[in-house]
Amino acid sequence: MREINKKQISKFLSLILRHQPEEIGITLDANGWADVQELIDKMGKRYPIDRALLKSIVAEDEKQRYVFNDKGTKIRAQQGHSVSVDMEFEVQEPPEYLYHGTATRFMASIRKEGLLPQSRQYVHLSKFLATATKVGQRHGSVVVLTIRAGAMHRAGYAFYLSGNGVWLTKEVPAAYIAFKE
């Protein structure tokens, strides 16, 4: 039997719960929940997984991407969906400033259009500069943008806070981004 690679399984879990549940033939409910036993059964065709391993992956995930419901019968990703789900977030007042890490190659577009969710439902923002830097590094030569979230909120833009501390909003117009010239 091949060695169990939790990182590979976690990445596949992210693909299934955020982007392509149909890849293994499951359906997410309107709020993004998947039945745990069905997920285990259908993921098991590709990766050897049981409830204990799934719980371990969820508990050990450094970004806390996944959450079980109170009964442990359902699981979902905390944010980052490209499939349409209603995560039932409540509007929150954000800190005055939030951060977004990206690559320098995207700056011309961002200066023109602001930050858009692209294939996801929301733009992801961080309260911490270090987190935004780490996220931006995944995309190439990093630039961290300072977002005037408080001003956006006062202007009527809605912000949400996911269960794992990621701030979400539908868009960030360029006027609310503090570009360093």
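A pocket here is an open set of grid points with protein on both sides within 12 Å along at least five of seven lines. The model you're looking at is predicted.

**Exercise 1.** Work out how much space lies in the largest pocket, and which helix gives the most to its lining.

*Solution.* Start with the volume: the largest pocket holds about 1500 Å³ of space. Next, look at its lining of 48 residues, where K63, R120, H124, V135 and R138 are the closest to the centre. Then check the elements: helix 1 (6–19) gives the most, with seven residues. Others that supply at least two residues include helix 3 (51–60) and strand 4 (98–103). Finally, sort the lining by type, and you get 15 nonpolar, 18 polar and 15 charged residues.

**Exercise 2.** Classify the ring pair of F89 and Y122, and find what surrounds it.

*Solution.* A search of the whole structure turns up five aromatic pairs. For F89 and Y122, the ring centres are 6.1 Å apart and the planes sit at 70 degrees; over 60 counts as edge-to-face, so that's what this pair is. F89 lies in the loop between strand 3 (74–77) and strand 4, and Y122 in the loop between helix 4 and strand 5, so the pair ties together parts 33 residues apart in sequence.

Terms used: Residues are numbered from 1 along each chain as its sequence is written. This is a predicted model: local features need pLDDT of at least 70, side-chain atom pairs count only at pLDDT 80 or more; totals for chains, interfaces and linings use all residues. Side-chain values use heavy atoms; hydrogens and water are left out. On a 1 Å grid over the protein atoms alone, a cavity is a set of points where a 1.4 Å probe fits but cannot get out, and a pocket is an open set with protein on both sides within 12 Å along at least five of seven lines; lining residues have an atom within 4 Å of a point. Grid points are joined across faces, edges and corners, and a volume is the space filled by probe spheres set on the points. Helices (H or I, at least four residues) and strands (E, at least two) are DSSP runs, numbered from the N terminus. Ala, Val, Leu, Ile, Met, Phe, Trp, Tyr, Cys and Pro count as nonpolar, Asp, Glu, Lys and Arg as charged, and the others, Gly among them, as polar. Rings of Phe, Tyr and Trp (its six-membered ring) pair if their centres lie within 6.5 Å; planes under 30 degrees apart count as stacked, over 60 as edge-to-face and the rest as tilted.
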